[in-house]
Amino acid sequence: MEQLLNLYKRHYGEEPASVENISNGGSNRQYYRLTAHDGSSVVGAIGTSREENHAFIYLSNHFSTQKLPVPSIIAASDDEMCYIQDDLGSRSLFDALKGGREAGGRYTQEEQQLLINTIRELPRMQMIGARGLDWSNCYPQPEFNEESVLFDLNYFKYCFLKATELDFNELKLEANFHMFARDLNAETGESFLYRDFQARNVMLNADGEPYFIDFQGGRKGPFYYDLASFLWQASAKYSFKLRRNLIAEYYNSLKNFTEVPSVRHFAHRLSLFVLFRTLQVLGAYGFRGYFERKQHFIDSIPPAIQNLRDILKLNPEIFPYPYMMDMLKRLTELPQFAPKPKEEMKREDGFKTTDNNIYSQNPLDGPATYSKYDGKGPLVVKVFSFSFHKGIPTDDSGNGGGYVFDCRSTHNPGRYEPYKKLTGLDETVIRFLEDDGEILTFLDSVYQLADHHVRRYIQRGFTSLMFSFGCTGGQHRSVYSAQHLAEHIHKKFGIEVRIEHREQHIKQVLKAK
């Protein structure tokens, strides 16, 4: 600590007014926020490995010259055991996505936009960052290769697989490991492999723009690795639809920096890295959980196993490693990894406001449009889902305004056994409705009507507007429609929207700015 304070004083000519310890996550480095007397702040780091510190300092300086969104190095000690960098604030992408994680993967439009912004920036980091980079400065090795893959696969075998006491033939598994490692290294390219690309290592500035940190383990390697690491983070619970959209965003962004393979080839290669990254993560969770007895990592194992189950459902031709795949299937079927009954997820808060302009009252309205409700604002929109068998929701605002939409003309998931106990908030129901398409056409018309009405109510300063969606049971189509209209209005106008899925006993509030 004394060395860091001396470095600060040598650079700024005075000691910091305050020093605050910053959580270091899983790193061996210690981070401190050093605040000057004028209120400005920087972040100081103290490392335990000179080689690792050198890698970060070199990479940060290199990326800064390429104008990439990383913290700049302000000063470093001669031995590089400590350094000072830009303070990017305290809000990480991981923090910003907390509401969606707690809701079981139901991310708001704003949260999804943060993910899109980040995934669009990743190819620039990988491809522009690789230009002119001296790979010999990377730590602990300059390039992704078969040796490193086999190290991670054996880490999985010894730290996770053996701890489960699953019976397997080690020689047959090792032979498949070598085949897998060769396939992962079948393509080489000039791109920077971040290695630890996850939401915790993305900081957000005041405008929500992403900045990248903790890339000191990066090296030359395939760009698929980072995409797999980010989108198959076990705790994130990204839905199939959201993952698919983010992969498309990444693929389209990558086109700006390099020649891309066909979509089919890209998907095949990505699948290999998703499987590899999943095994790599299970190895880390096994060591940290089973051996170091850290509860957080033990709790992270079930969602990682579920990721593995999902991967095993893919076309088996993608993975020509019969013994390894059979062993993994048996692993997911162990009693200790049996899926728990699905719990109903509710979001009471955690929804973030959008940064849209709010319409002011229209001065051209004049006295001719005046009523006792004019000029009271701000507008609060209430959106209900309900069952027609139990009656239309009552309006308690006093003005009696609003719309009631009948969803019963659209295809009903409730007719099919797999969906009978689910709701329009569940991913499988959402996919059913959107793949069918009738509900999307229905909502397009609703959005046009609602947009005009909400805009006019804001102009006039009205305080309450109500939309209700009914279907047979108030469970599938009405729930889907109400949730999507609410998020649409909130994203477009930034006003408070209150959602009530009456028959599901779920209430949510999308707060206004």
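How many disulfides does the count come to? I get 0 disulfides, taking a disulfide as a pair of cysteine sulfur atoms within 2.5 Å.

**Ground rules.** I'm working on a predicted model, where local features need pLDDT of at least 70, side-chain atom pairs count only at pLDDT 80 or more, and totals for chains, interfaces and linings use all residues. Residues are numbered from 1 along each chain as its sequence is written, and side-chain values use heavy atoms, with hydrogens and water left out.

I looked up Cys407 next: it is in no disulfide, and the nearest cysteine sulfur, that of Cys471, sits 6.0 Å away. Cys407 is buried, at 0% relative accessibility. For me buried means under 20% relative accessible area, exposed over 50% and partly exposed in between, with a 1.4 Å probe and protein chains only. Cys138 is buried too, with a relative accessible area of 8%.

**Whole chain.** I count 15 helices and 14 strands in the protein chain; these are DSSP runs (helices H or I, at least four residues; strands E, at least two), numbered from the N terminus. The radius of gyration is 26 Å, close to the 24 Å from the globule rule for 513 residues, so the chain is as compact as a globular protein of that length. That radius is taken over C-alpha atoms, and the rule is 2.2 Å times the number of residues to the power 0.38. Along its principal axes the C-alpha trace spans about 75 × 65 × 45 Å. Buried residues make up 51% of the 513. Of the contacts (heavy atoms within 4.5 Å) with a separation of 6 or more, 73% are between residues 24 or more positions apart.

**Cores.** A nonpolar core here is a set of buried Ala, Val, Leu, Ile, Met, Phe, Trp, Tyr and Cys residues joined through side-chain atoms within 4.5 Å. The largest has 95 residues, and Phe180 and Leu275 are among those that touch the most other members. Helix α10 (residues 263-291) gives the largest share of this core, 11 residues. I checked Phe180: beyond four places in sequence, its contacts include Leu272, Leu275, Phe276 and Met324. A second, separate core of 35 residues includes Tyr419, Ile458, Leu485 and Ala486.

**The sheet.** I traced an open sheet of 5 strands, order β11-β12-β10-β13-β14, with mixed pairing. Two strands pair if DSSP finds at least two bridges between them. The edge strands are β11 (403-406) and β14 (506-510), each pairing on one side only. β10 and β13 (residues 496-501) run parallel and are joined by 6 bridges; Phe384 has Glu500 in β13 as its bridge partner. Helix α14 (residues 438-460) lies across β10, β11 and β12 (464-471), at about 165 degrees to β12. Helix α15 (residues 477-493) touches β10, β12, β13 and β14, and its direction makes about 155 degrees with that of β12. Axes are lines fitted to C-alpha atoms (for helices, over the stretch in contact), and angles run from 0 to 180 degrees between N-to-C directions.

Lys382 is in β10 (residues 380-387). Buried or exposed? Lys382 is buried, at 15% relative accessible area. Its contacts beyond four places in sequence include Asp396, Ser464 and Arg498. Ser468, in β12, is buried at 1% relative accessibility. Leaving aside neighbours within four places, Ser468 is in contact with Phe384, Phe386, Pro393, Tyr403, Val404 and Phe405. I also noted that the C-alpha atoms of Ser468 and His501 are separated by 9.7 Å, with the two residues 33 apart along the chain.
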